[in-house]
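Colleague: I have a few questions about this one. Can we go through it residue by residue?

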Amino acid sequence: MTERYAVTGATGFLGEHVVRELAEAGHEVVAISRAPSQALSALENVQFVRADVTEPARGALDEALAGARGLFHLAGQVSRDPKDAQPMMRVHVDGTKRALAAADRAGVGRVVVASSSGTIAVSAAERVHTEDDGYATDVVAGWPYYTSKIYQEKVALEVAAERELEVVFVNPSLLLGPGDARLSSTRDVLRIMRGQIPVLPRGGVNFVDVRDAAAGTASAMARGRPGERYFLGGPNWAAEEFFARVARAANVAPPRLKIPNKLSRLGAGLVEELYRARHKAPPVDRISVEMGEHYWYLDSGKAERELGFAARE
């Protein structure tokens, strides 16, 4: 059955793949973004509406949602720089409030919100997380992106309860695959391939092909239970295995140097300060090093059972 869906953040890494997934299934898609995308312009049944969820003006967003069966709220900003904490809060928290309010005004009763597995599935000790685990608030306190995503989930639940909206969360892990023009998720992979990471992290990662995450996100609209979250992830690999496989694919030597976590963080902090004092982007930063020392393992069994989600090997 053909439906009309609206997608915020339509030109983002996940957004473009969700728009494509919906359009190729025959649905009519209203792609909401601050600028159109050449990659999606050739698709049938896709209409672009220029709008910004951080802007208080209602017009464009309300117009985009008119007649939509559901809203995929995927607008976001990815950064590890503490200076971007406020902009990310505006996008993820204020933007979510505005998007859900606009959905309510337009009579759109169901919203899929893209969050992150890092709201829950991250710990200093090696363990596999499920959606039933609590927020990793203490762990991510110094990482503004994940903190803002926790607040996003909380505010979405509050607004949904106030306005009687059905909200379903999808929480993908590290997104990899084609089309990451902004390098929002694949920058670290590129750095490994270029041999720019000298020290081997001690933690572990979970990653997922963006195309599989997009299929799971699309499925959540019809099959997800209101108020529930769904991890969309693939394999859990130790950082050593992940780095070795990426390096082997790029035909470069993987990093082999292992140093204590405290020294690693101290060194990264000093390098970061020196580069930023010269108004240059540092080759390594403290937050990235801290993140690499943690385990981001998760179990996607719930999404497999309820959404039909499947991650390619």
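Colleague: Which residues does Thr-186 touch, not counting residues up to four places away in sequence?

Modeller: Bear in mind that this is a predicted model. In it, Thr-186 touches Leu-175, Leu-176, Gly-177 and Asp-180.

Colleague: What does the side chain of Thr-186 make a polar contact with?

Modeller: With the side chain of Asp-180, at 2.8 Å.

Colleague: And where is Thr-186 found?

Modeller: In the loop between strand S7 (174-176) and helix H6 (187-193).

Colleague: Is Thr-186 buried or exposed?

Modeller: Thr-186 counts as buried, because its relative accessibility is 13% and the cut-off for buried is under 20%.

Colleague: Changing topic. Where is Arg-4?

Modeller: Arg-4 is in strand S1, which covers residues 4-8.

Colleague: Buried or exposed, that Arg-4?

Modeller: Buried, with a relative accessible area of 18%.

Colleague: What joins the side chains of Arg-4 and Glu-28?

Modeller: A polar contact of 2.4 Å. Glu-28 is also on the list of residues that Arg-4 touches, leaving out those up to four places away in sequence. That list includes Val-30, Gln-47, Ala-64 and Arg-69 as well.

Colleague: What separates the C-alpha atoms of Arg-4 and Asp-84?

Modeller: 34 Å, and the two residues are 80 apart along the chain.

Colleague: On to backbone angles. What is phi of Asn-45?

Modeller: Near 70 degrees, which is a positive value in a residue other than glycine. Asn-45 sits in the loop between helix H2 (38-41) and strand S3 (46-50). Its relative accessible area is 39%, so Asn-45 is partly exposed.

Colleague: And phi of Glu-164?

Modeller: That one is near 60 degrees, again positive, and Glu-164 is not glycine either. The loop holding Glu-164 runs between helix H5 (144-163) and strand S6 (166-172). Glu-164 is exposed, with a relative accessible area of 72%.

Colleague: How many nonpolar, polar and charged residues does the lining of the second largest pocket have?

Modeller: Six nonpolar, two polar and five charged.

Key: Residues are numbered from 1 along each chain as its sequence is written. Side-chain values use heavy atoms; hydrogens and water are left out. Helices (H or I, at least four residues) and strands (E, at least two) are DSSP runs, numbered from the N terminus. Buried means under 20% relative accessible area, exposed over 50%, partly exposed in between (1.4 Å probe, protein chains only). Contact means heavy atoms within 4.5 Å. A polar contact is a pair of N or O atoms within 3.5 Å; within protein, one must be able to donate a hydrogen and the other to accept it, and residues adjacent in sequence count only if both atoms are side-chain atoms. Ala, Val, Leu, Ile, Met, Phe, Trp, Tyr, Cys and Pro count as nonpolar, Asp, Glu, Lys and Arg as charged, and the others, Gly among them, as polar.
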